[in-house]
Amino acid sequence: ELWPSYLTLFYKLTAHSSTNIDAPIIIIFAYSRSSCSVREPRTCRPSDSARMGGQLDSEIQSLLHLADECKNAHVDHPDWKRVDGDDEGVSTLLHRRYSPPLFLCSTKIDTESPSAVVDMLGTTDMNVRRLWDDQIDELCSVGPVDNATEVVYSRMKKALGGIVSPRDFCTLAHRIDDQDGKAVTHVNRAMELLHPEASSRIPQRATEPGCVRGLTHFTIFHAEQDDKQVNLLYGVQVSLGGMLPSSVVQSGVRAAVRDQMKRVRAQFAR
């Protein structure tokens, strides 16, 4: 609705003055960019849940199916191969069939509480997230969907001294706690990858100016009690967008996930 007023201003500036026409053009497009690039999150109404329930349930079941694949991963399974040996108690597998690659790290955590581990990993508290992720620059809950599901926004720092633009993500996060408390699973997927019938009625947040929107195809935190310790799986399948070479991106993702697992181990070390 604002474009007619912009065009009128442009006509007056160019037709009735000696103003350089390049300046109004730059002002018009810069203003238009900033006015529509950020979309405020909106509240999910109770009636929305009923209308989107079937499709949203389908999306969550798809995530849980991938979660089961990760929980059953083994170096001898034909779909998986080892890409890193034991590195300070962390080992990494790569799924052979998925693109972008799905990396899955596993380790043991010195605690008897699976919930405490997933609470740390799935948090929207910046202070807690920074205990194990030094690349996070902004983190918040955009809004709840139900008691076990919410939309989360995150932004990562610039990389390589500012050469690589910051990436931001908007994801659907879902958590399942087993009734006996011995296992907890937390999964994520980018809002952009959900079926429109599910995503259109869920609170969202557009990418920030200066950021490149990344796509989280799938992440999983799965913690399961094993005697006096917790077995932790941390899987990541992500596209960072932009013009970065795929080999560079995936090497960086693999190294980052492994480093983050080490930091989580250190937080629970006795």
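Author: The loop in question runs between strand 9 (215–226) and strand 10 (229–239), and Asp227 sits in it. The model is a predicted one. Asp227 has a phi near 60°, a positive value in a residue other than glycine. Most residues other than glycine have a negative phi, and most peptide bonds are trans. Asp227 has a relative accessibility of 61%, so the residue counts as exposed.

The peptide bond between Ser99 and Pro100 is cis, with omega at about 0°. Pro100 is placed in the loop between strand 2 (90–95) and strand 3 (103–109).

In soluble globular proteins, nonpolar side chains tend to be buried together. Here the largest nonpolar core has 31 residues, and Val117 and Leu232 are those with the most contacts inside it. Helix 7 (residues 246–268) contributes six residues, the most given to this core.

Leaving aside residues up to four places away in sequence, Leu232 touches Cys105, Ser106, Thr107, Ile109, Val117, Leu121, His222, Ala223, Met261 and Val264. Two of these names, Val117 and Leu121, come back in the contact between helix 4 and helix 7, where Ala116, Val117, Met120 and Leu121 of helix 4 meet Val264, Gln267 and Phe268 of helix 7. The axes of helix 4 (residues 114–121) and helix 7 are 12 Å apart, and the two helices pack at an angle of about 130°. Helix 4 and helix 7 are therefore oblique to each other. The crossing of helix 4 past helix 7 is right-handed.

The cysteines remain. A disulfide is a covalent bond between the sulfur atoms of two cysteines. The cut-off used here is a pair of cysteine sulfur atoms within 2.5 Å, and by this rule the count comes to zero disulfides. Cys170 has a relative accessible area of 1% and is buried. Cys70 has a relative accessibility of 2%, so Cys70 also counts as buried.

How values were computed:
Residues numbered from 1 in each chain as written. Predicted model: local features only at pLDDT ≥ 70, side-chain atom pairs only at ≥ 80, totals over all residues. Heavy atoms only, no water. Buried < 20%, exposed > 50% of the residue type's maximum accessible area, 1.4 Å probe, protein only. Core = buried A, V, L, I, M, F, W, Y, C linked by side-chain atoms within 4.5 Å. Helix = DSSP H or I, 4+ residues; strand = E, 2+ residues; numbered from the N terminus. Contact = heavy atoms within 4.5 Å. Axes fitted to C-alpha atoms, helices over the stretch in contact; angles between N-to-C directions. Parallel < 35°, antiparallel > 145°, perpendicular 65-115°, else oblique. Left-handed = near helix turned anticlockwise from the far one by under 90°.
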